[in-house]
Amino acid sequence: MTQAEGRRPHRRKPAPRPALPATLLEGPLCAHCGKPEALCVCDAIEPINNRVELLVLQHPQEQDKTLGTARVAVTHLAKATFRIGLSWPSLSAALDRDVDPKRWAVLHMGASPEEDAPQDRDIALLDRHGAPAGNQAAAMRAIDGIILFDGSWSQAKTLWWRNAWVLKCPRLVLRPTQSSLYGKLRKEPRREGLSTLEAAAFTLSRLEHKPEIEKAMLSTFRRMLQRYRSALEPQGGSHAP
């Protein structure tokens, strides 16, 4: 999942997730997505030549290897970087090259009151102080890349505060109209909570005005979830919810 700075959401205790058979988790993992063969969908991924880059920073204690989507999202995009760690001295250090943090936006969920962002948009850009950009269209055209934190809510919050350079970046607020495709497989703590792949697909498709980006990435996500549900069949004889 991806979260950013925000007030701690009220959580209901989630129902236990059905466990995969241990035999499916044995053996080598895919070098690209990090998943066991039974869940890997990399063979069907056609890389997207994205203009706006993606940087995913994953907390080192993120444990959801089977249903996590960060590395799948990065595999899907020609211009994407995946890093594991707690802190980097700068955005340029995280990317291993010089960039202007003012032209990179960090996905920002929940910290600024949603009413502060323009109400007629499903994606809005705020400046580093939390005020809406004056000309949303022009401001979004100036974005070279987006930054997503990958991990639980508390892990993402840790990443936010351990990397003070994100305060120099503009912030993106998303208003998804549909809930995550995870469904009952994994409950998100907020209505607008999305998987890292879904958040990247939603954001890039709108920044680039290319709905085909979201369509292709969500198709891969659905395939991955179907493989997970199919892997549960020997235990119950039917698909998980």
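Just after α5, H209 takes a positive phi of about 55 degrees. The coordinates are those of a predicted model, in which local features need pLDDT of at least 70, side-chain atom pairs count only at pLDDT 80 or more, and totals for chains, interfaces and linings use all residues. Residues are numbered from 1 along each chain as its sequence is written, and side-chain values use heavy atoms, with hydrogens and water left out.

H209 lies in the loop between α5 and α6 (helices are DSSP runs of H or I of at least four residues and strands are runs of E of at least two, numbered from the N terminus). Because its relative accessible area is 67%, H209 is classed as exposed (buried means under 20% relative accessible area, exposed over 50%, and partly exposed in between, with a 1.4 Å probe and protein chains only). A second residue other than glycine with a positive phi is D96, where the angle is near 65 degrees. D96 is found in the loop between α2 (91-95) and β3 (104-107). Its relative accessible area is 61%, so D96 is likewise exposed. Most residues other than glycine have a negative phi.

The protein has six helices and six strands. From the N terminus on, these elements follow the order β-α-β-α-β-β-α-β-α-β-α-α. Of the 241 residues in the protein, 52% are buried.

Helix α5 (196-207) has twelve residues and should span 16 Å at 1.5 Å a residue; its end C-alpha atoms are 16 Å apart, which agrees (the expected span is 1.5 Å times one less than the number of residues). The helix is mostly covered, with eleven of its twelve residues buried. The buried residues of α5 are T196, L197, E198, A199, A200, A201, F202, T203, L204, S205 and L207. R206 has its charged end over the ring of F202, at 3.7 Å from the ring centre (a charge sits over a ring if NZ of Lys or CZ of Arg is within 6 Å of the ring centre and within 35 degrees of the ring normal). An α-helix has 3.6 residues a turn, so residues three or four places apart point the same way.

Aromatic contacts were assigned from ring geometry (rings of Phe, Tyr and Trp, the last by its six-membered ring, pair if their centres lie within 6.5 Å; planes under 30 degrees apart count as stacked, over 60 as edge-to-face and the rest as tilted). By this rule there are two aromatic pairs. In that of F149 and W160, the ring centres are 6.1 Å apart and the planes stand at 85 degrees, so the pair is edge-to-face. F149 belongs to strand β5 (residues 145-150) and W160 to helix α4 (residues 153-162), so this pair ties together parts that are eleven residues apart in sequence. F149 is buried, with a relative accessible area of 1%. W160 is also buried, with a relative accessible area of 1%. The rings of Y182 and F221 have centres 5.1 Å apart and planes at 85 degrees, so this pair too is edge-to-face. The Y182–F221 pair links distant parts of the chain, 39 residues apart: Y182 is in the loop between β6 (171-174) and α5, and F221 is in helix α6 (residues 211-236). Both Y182 and F221 are buried.

With 2% relative accessibility, L39 counts as buried. L86 lies in the loop between β2 and α2. L86 and W161 are 75 residues apart in sequence, with a C-alpha to C-alpha distance of 9.7 Å. At 28% relative accessibility, L86 counts as partly exposed.

The second largest pocket holds about 250 Å³ of space (a pocket is an open set of points on a 1 Å grid over the protein atoms alone, where a 1.4 Å probe fits, with protein on both sides within 12 Å along at least five of seven lines; lining residues have an atom within 4 Å of a point). Of the 18 residues that line this pocket, C33, G34, D64, K65 and R71 are the closest to its centre. At least two lining residues each come from α1 (70-76) and β2 (80-84). By class, the lining comprises seven nonpolar, five polar and six charged residues (Ala, Val, Leu, Ile, Met, Phe, Trp, Tyr, Cys and Pro count as nonpolar, Asp, Glu, Lys and Arg as charged, and the others, Gly among them, as polar). The volume is the space filled by probe spheres set on the grid points, which are joined across faces, edges and corners.
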